[in-house]
Amino acid sequence: MSAFPARLAARPTAALGPAARNPTAPRPHAAHDRGAATAPGRRAPGSTAAALLIAAAASGISGPSLALPTAAHALGVPTASAAWLMTAYGLGLLAGTPLLSGTAGRRGPAALVRAGAALVALGAAIVLASPSALLPLAAGRAVEAAGAAGLTVAAFRIAGRDRTGRSTGLVAIGNAAGGTLGLFVGAGAAQLLGWRAALVMPLLALAVLPAVLRPAEQAGRAGESGQAGQAGETGQAGSPRPRFRDALPLGLLRRPGFRRPALLMLALATVNFALVYGAPRRVTALTGWGPLPTGAAVASVALAGALLSWQLVRLAPALGTARVRVLLATGSTAAAAAAAFAPWPPVVLLGSALSSLVTAGGQGVLTGSAVGGLAPERQGGAIGLFNLAFPAGVAAGPALAGFADQTVQFLY
């Protein structure tokens, strides 16, 4: 579970994580550098708090997975139907990322943090106050996710002032850690506080707000200063911030060089989040473990896979684009087959780790491939559109796995 579409509202910089070494990556204007960059060798102020913020937001992706059987029993629906509590989160991320980036995002990271936190609190209140019915609970989860999307965008904006990539890398690790460890933390919260607690994991982000708001305001002021300097040097007038209608350049979907890596990224993310739903159930069925040991095992191997993806990114230039795409597709297929059909728990866990590895590595490698050849001024929007494949996979994966679980029974 890697960093996801947080970069939609941020200008692409050398700190775009694994994609940073792509020679076609856009270069920030000098004036913007003077206004926003931090001193060489130092992380951006607030980057640790931003990493904690994004970890809490990402925990909502996987947090309910092991609590779904209990939630399904309380709601009187099949477990596969309860998977909509996870799918709704992906839909909220998918809608919230461009919406908040194009509205609150124009006012800077601090406005994004406040808007995101308000939506997280509202969504959690809906979940906690709703009757035991699937539809209002799913609606509350979608509102939570829209807020989490805003927090994610804000975290990367805060880290983006560090042009060395260290701060953005720290935030990306926080995103991966939150998305994987959410399995374990959600299972523990469900056991201690009830199954609804696993549905409101992003509430943990509210504890980080005091630490993150000040650096968010600083990042906003620095960005405005840099944009003003750029406008002065170029003699161009107009709003320095992107408009909502410019956030998603859908015309790029007609470009094969963009469409192919984006579709592959969508496939990788869909398989990965199908396994976030299905792999814990397979492990439980094969071992008889309870939610806590299952969550600990699956979260540990998924996190290890995400961290090992850095090696894949390092090898990618030597392997070449075509070989890397074949490797990613083959790895994702093998991961799905291992997790779905293997009769041995270690192999199921290995499949989960492999899927996490190729998804995290694929996002880094394929981002550079998707934006290669585009003019610098188009690359920011292209990266944002490309990274929407991640929440689309968050939404599609559990729904497809739940459908297969109901019809083919291939997960058991």
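What is the mean pLDDT of the protein chain, and what share of its residues reach 70 or more?

**View 1. Confidence along the predicted chain.** The mean pLDDT (the predictor's confidence in each residue, from 0 to 100) is 80, and 77% of residues reach 70 or more. Residues 1-37 fall below 50, yet this stretch has 110 contacts beyond near neighbours in sequence (contact: heavy atoms within 4.5 Å). Residues 228-242 are also below 50, with 13 such contacts. Where pLDDT is low, the predicted coordinates should not be read in detail. This is a predicted model, in which local features need pLDDT of at least 70, side-chain atom pairs count only at pLDDT 80 or more, and totals for chains, interfaces and linings use all residues. Residues are numbered from 1 along each chain as its sequence is written, and side-chain values use heavy atoms, without hydrogens and water.

**View 2. Helix α2, residues 47-62.** Helices are DSSP runs (H or I, at least four residues), numbered from the N terminus. The 16 residues of α2 reach 23 Å from first C-alpha to last, close to the expected 22 Å (1.5 Å times one less than the number of residues). Of these 16 residues, 14 are buried (under 20% relative accessible area, 1.4 Å probe, protein chains only; exposed is over 50%, partly exposed in between).

View 3. Leu181 sits in helix α8, residues 166-193. Leu181 counts as partly exposed because its relative accessibility is 36%.

Terms used:
Helices (H or I, at least four residues) and strands (E, at least two) are DSSP runs, numbered from the N terminus.
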